[in-house]
Amino acid sequence: MSDEEREFEEQVEEEEQEEQYETGNRAQGTVRYGDVICLKHASTGKYLTSKEEGYSHDGTSGQQIVFTNDYEGDDSQEWLVIPVEGTGQEDGGEVGFDDEFRLKHQQTGRYLHSHPDIPSPVTGQQEVTGFGGEDETDENDIWVLQAFPDYEYPEEDYLWHLDIPLVIRHKMTGQTLHSHEEEFDDGNEVTAYVGTDDNDQWIVAFD
């Protein structure tokens, strides 16, 4: 079999896999659109969490709170990776560096969201919320996967694998999904942050 024939067969197999892909299962090995993930904050070891409660601090949008908490192993910390319309991505396709996606909170159905000029509850950085639902989403729900500048990734491997640190950047404002030791609610504050530092590293993990 020639290289061209082998490449064609692999492409057909991949397309068939995408057509038959069952969404809503936990990611295994490599993250694909349609997978459910938990995001662990590398520096603190806490997990991205949300619940049906609105922010109430001065200047807030009042949208649903997002924070990090110890691992609970339930759908309060599970997020469905959804392709963005118009990008050509579909359920079952692998997610790689610079790919766009939405994250839908499994327990409440809200999308991970941020917006400019609205402060976070503790540090006054950019607020991160849960927003919308099944029929309501906007451009502020779109995030981009990026490499962390100081991490050495396997050569020529640009996919979103479990257990490696990556940056999740808000497309519309350019700020990074961020957390730190500042306490909020039952855990720590989550914000969108200008620049990139160690507190911007997130890992897909389930423990």
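## Salt-bridge network and charged pairs

In this predicted model, salt bridges link K51, E53, D185 and D186 into a network. Side chains of opposite charge can pair when their charged atoms come close. The count of salt bridges comes to nine.

One of the salt bridges joins the side chains of E78 and R26, with an N to O distance of 3.0 Å. E78 belongs to the loop between β4 and β5, and R26 to the loop between α1 (3-19) and β1 (36-37), so this pair ties together parts that are 52 residues apart in sequence. E78 counts as buried because its relative accessibility is 15%, under the 20% limit. R26, at 32% relative accessibility, counts as partly exposed.

R110 and E52 form a salt bridge in which the closest N and O atoms are 3.5 Å apart. Distant parts of the chain are linked by this pair: R110 is in the loop between β6 and β7, E52 is in strand β3, and 58 residues separate them. R110 is partly exposed, with a relative accessibility of 28%. E52 has a relative accessible area of 55% and is therefore exposed, the threshold being over 50%.

K171 and E100 also form a salt bridge, and their closest N and O atoms are 2.9 Å apart. K171 is placed in the loop between β10 and β11, whereas E100 is in strand β6, so the pair ties together parts that are 71 residues apart in sequence. The relative accessibility of K171 is 41%, which makes K171 partly exposed. For E100 the value is 18%, and E100 counts as buried.

## The largest nonpolar core

The largest nonpolar core has 34 residues, and within this core I37 and W160 touch the most other members. Two or more residues are given to the core by each of β4 (64-69), β5 (79-82), β6 (100-105), β9 (143-147), β10 (166-170), β11 (176-184), β12 (187-193) and β13 (202-204).

Neighbours within four places in sequence aside, the contacts of W160 include G29, T30, V31, I37 and L39. W160 is also in contact with V95, G96, F101 and L145. Further along the chain, L166, I168 and V204 are contacts of W160 as well.

## Strand pairing around β9

Strands β6 and β9 run antiparallel and are joined by two bridges. In this pairing, F101 stands opposite W143 of β9. F101 is also among the residues in contact with W160.

Strand β9 is joined to β10 by five bridges, and these two strands likewise run antiparallel. The bridge partner of V144 is R169 in β10.

T44 is located in the loop between β2 (39-41) and β3 (47-54). Its side chain makes a polar contact of 2.9 Å with the side chain of H41. Not counting residues up to four places away in sequence, T44 touches H180, E181 and N188.

G124 occupies the loop between β7 (111-119) and β8 (126-131). With a relative accessibility of 46%, G124 counts as partly exposed. The C-alpha atoms of G124 and T60 are 10.0 Å apart in space, while the two residues are 64 apart in sequence.

## Positive phi angles

Most residues other than glycine have a negative phi. D98 is not a glycine, yet D98 has a positive phi of about 70°. D98 lies in the loop between β5 and β6. Its relative accessible area is 57%, so D98 is exposed.

D163 is likewise not a glycine, and D163 has a positive phi of about 70°. The position of D163 is in the loop between β9 and β10. At a relative accessible area of 54%, D163 is exposed.

## Annotated MIR domains

An unreviewed UniProt entry lists residues 28-84, 92-148 and 156-207 under "domain: MIR". In the span 28-84, the end C-alpha atoms lie 21 Å apart, and the composition is 0% helix and 40% strand. In the span 92-148, the end C-alpha atoms lie 25 Å apart, and the composition is 0% helix and 46% strand.

Terms used:
Residues are numbered from 1 along each chain as its sequence is written. This is a predicted model: local features need pLDDT of at least 70, side-chain atom pairs count only at pLDDT 80 or more; totals for chains, interfaces and linings use all residues. Side-chain values use heavy atoms; hydrogens and water are left out. Helices (H or I, at least four residues) and strands (E, at least two) are DSSP runs, numbered from the N terminus. A polar contact is a pair of N or O atoms within 3.5 Å; within protein, one must be able to donate a hydrogen and the other to accept it, and residues adjacent in sequence count only if both atoms are side-chain atoms. Contact means heavy atoms within 4.5 Å. A nonpolar core is a set of buried Ala, Val, Leu, Ile, Met, Phe, Trp, Tyr and Cys residues joined through side-chain atoms within 4.5 Å. Buried means under 20% relative accessible area, exposed over 50%, partly exposed in between (1.4 Å probe, protein chains only). Two strands pair if DSSP finds at least two bridges between them. UniProt positions are given in the numbering used here, feature names are shortened, and annotations may be inferred rather than shown by experiment. A salt bridge is a side-chain nitrogen of Lys or Arg within 4 Å of a carboxyl oxygen of Asp or Glu.
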